[in-house]
Amino acid sequence: ENFFSEFQMEGVSAENNAIYLELTSENLSRALKTAQNARALKVKLTNKHFPCLTVSIELLSVSSSSRIVTHDIPVKVIPRKLWKDLQEPTVPDSDVSIYLPVLKTMKSIVEKMRNLSNHLIIEANLSGDLNLKIETELVCVTTHFKDLGNPPLASEDASQDRDPEQMAEVRIDIRKLLQFLAGQQVNPTRAVCNIVSNKLVHFDLLHEDVSLQYFIPA
Amino acid sequence: MKCLVTGGNVKVLGKAVHSLSRIGEELYLEPLEDGLSLRTVNSSRSAYACFLFAPLFFQQYQPAAPGQEAPRCKILMKSFLAAFRSLAMVEKSVEKCCISLNGRSSRLVVQLHCRYGVRKTHNLSFQDCESLQAIFDPALCSHVLRAPARVLGEAVLPFPPALAEVTLGIGCGRRVILRSYQEEEADSSVRAMVTEMSIGEEDFQQLQAQEGAAITFCLKEFRGLLSFAESANLSLSIHFDAPGRPAIFAVKDSLLDGHFVLATMSESDLHSPEPHRLVPPLQAHSTPHLDDFANDDIDSYMIAMETTVDSEGSRAGPSIPLSPGLRPPCSPGPDSEDNDAEPSTEPGTPPPKKFRSLFFGSILSPAHSPPGPSPVLAEDSEGEG
């Protein structure tokens with residue numbers, strides 16, 4: 001809530017104080033693109049013949065008068081009975097948790113690897129080592145990151161059983177990884193990668209007021 | 001005919017051709033006393049564009065060989081554009097451009113003199129034709145607004161490049177509003193985003209219009225002139241009237257002027273369950289309803305215009321009544337429940353553009369054949385429409 005200078009929301013009911021909306025992400029992305037030079041931006045849920053997310057942007061202007069751009073993005077309000085389908089998936093505890101290297105570096109490496117293979121293996125251990133590997137018939141390429149550091153683990157028992165040098169790995173679609181990396185413009189305050197061996201990789205990013213989680217299955 | 005363009009003006013000419021190519025498939029080239037005119041019209045006759053380059057624009061301007069009549073050519077737009085395809089290349093390496101036509105030749109020659117002695121010659125085939133004329137007079141329009149092209153360029157920035165139509169109007173507090181126009185989809189589950197841009201009066205050099213005045217026109221066609229105006233750093237003026245009447249977009253400087261005349265949607269064209277939907281976003285307290293411009297009035301409009309001798313009289317050449325390409329106002333009865341009373345288009349025309357076509361009236365005689373859907377003589381024997 002501190003992220004916004006004004007925040008007002010009233011959900012469906014007191015117990016279910018949330019609103020679930022479905023919209024075309026391209027519309028929202030386009031609307032927000034015009035906000036690059038904005039003085040202020042306001043997002044409202046409105047009803048203009050049909051439910052809309054109205055994004056109202058006040059632009060910086062050289063002249064004395066302000067310029068206002070308004071985008072009405074059609075949305076679909078999702079009925080409460082479908083909310084359970086949209087809950088965050090329950091994920092098994094991760095085998096390894098490690099801090100990510102500088103995302104920009106990681107992105108340029110993965111971009112180059114993308115030309116060689118459709119799949120990439122991420123492996124990491126509790127000693128701060130992270131490897132990005134691709135294996136094809138013709139070539140294997142591995143990039144090693146060392147001394148990344150590991151966040152303190154949630155469950156004490158698991159950490160004691162595990163050999164810190166042992167790698168947990170997961171093989172994922174490289175394009176999905178690139179999609180995630182391409183979207184990162186700013187370096188987060190904290191970026192953690194959690195690996196569930198051969199099952200899932202979970203990226204947990206924390207910016208000042210915003211947290212982003214990204215799950216990619218194997 | 002010989003026209004020699006040098007230096008930076010070559011790029012200006014190239015940019016103008018690019019703008020025209022956004023409108024029509026054929027370029028009408030005609031050297032006049034006032035200068036070289038390049039004109040085009042779109043296939044549905046709902047948009048007309050012309051640029052006039054004054055003699056001083058050229059290093060050498062010779063409209064016609066002595067004793068001969070000035071030629072009038074119709075060239076395929078693609079062919080002419082090919083000479084100016086890459087504006088970056090034109091800017092960097094072309095020193096001179098010579099457009100010439102000698103009496104005996106059946107080819108229009110566009111020769112580019114480039115750096116390092118390279119010469120590129122385009123021999124374009126053309127057809128003799130009559131002059132393409134549209135009758136319009138900015139002075140007759142009741143509303144004008146004028147702004148530097150940059151302001152208008154920034155105004156259309158939030159709109160998706162694919163957007164076809166946009167509504168321009170004056171809203172509360174004399175703010176100029178641009179709003180994306182979406183036709184009502186039959187499949188209402190897929191709705192499009194609506195974008196609206198509001199600009200204060202102060203950004204305009206001239207704003208002579210009442211609150212509530214609004215027109216809807218094709219944004220894609222407008223962008224053609226806008227990009228030219230932006231690159232030449234000119235101001236663009238928009239003259240408009242009641243919805244349904246063509247809107248005139250103009251740029252001008254000492255060496256050239258350009259006009260794009262675009263049809264606007266008339267109130268009966270606009271699909272809306274509430275007939276005044278056009279105006280609510282732009283609603284002012286004053287009455288929003290502009291002329292009631294029903295289908296049938298188009299005939300009387302045409303007649304009225306035919307008898308008007310307008311300021312275009314100075315332009316040389318007879319103007320030819322081209323096929324108006326009008327959709328017959330006689331839709332199958334008033335029983336259509338939605339406002340979609342537009343009958344299907346004539347075969348061969350592009351998919352329904354809900355615009356009234358501009359007509360190209362005749363200034364020859366008021367007693368000319370009454371306007372109507374029957375195709376009148378086209379500008380050359382091929383006939384169109």
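**View 1. Surroundings of C193(A) in the predicted model.** Leaving aside neighbours within four places in sequence, C193(A) is in contact (heavy atoms within 4.5 Å) with V96(A), S97(A), I98(A), L100(A), V201(A), H202(A) and F203(A). C193(A) itself belongs to strand β11 of chain A, residues 190-196, where helices (H or I, at least four residues) and strands (E, at least two) are DSSP runs numbered from the N terminus. With a relative accessible area of 0%, C193(A) is buried; buried stands for under 20% relative accessible area, exposed for over 50% and partly exposed for what lies in between, with a 1.4 Å probe and protein chains only. T136(A) is 57 residues from C193(A) in sequence, and the two C-alpha atoms are 25 Å apart in space. This is a predicted model in which local features need pLDDT of at least 70 and side-chain atom pairs count only at pLDDT 80 or more, whereas totals for chains, interfaces and linings use all residues. Residues are numbered from 1 along each chain as its sequence is written, chains are lettered from A and ligands numbered from 1 in the order in which they are written, and side-chain values use heavy atoms, with hydrogens and water left out.

**View 2. Helices α2(A) and α4(A).** The axes of α2(A), residues 103-114, and α4(A), residues 174-182, come within 10 Å and cross at roughly 150 degrees; axes are lines fitted to C-alpha atoms, for helices over the stretch in contact, with angles from 0 to 180 degrees between N-to-C directions. The crossing is left-handed, a term for a near helix turned anticlockwise from the far one by less than a right angle. On the α2(A) side the residues include L103(A), M106(A) and V110(A), which meet a group in α4(A) that includes I174(A), L178(A) and L181(A).

**View 3. Helices α4(B) and α5(B).** In chain B, the axes of α4(B), residues 149-156, and α5(B), residues 219-232, come within 9 Å and cross at roughly 140 degrees. The two helices are therefore oblique to each other, given that angles under 35 degrees count as roughly parallel, over 145 as roughly antiparallel, 65 to 115 as roughly perpendicular and the rest as oblique. α4(B) passes α5(B) in a left-handed crossing, and the contact involves, among others, L152(B) and V156(B) of α4(B) together with F222(B) and L226(B) of α5(B).
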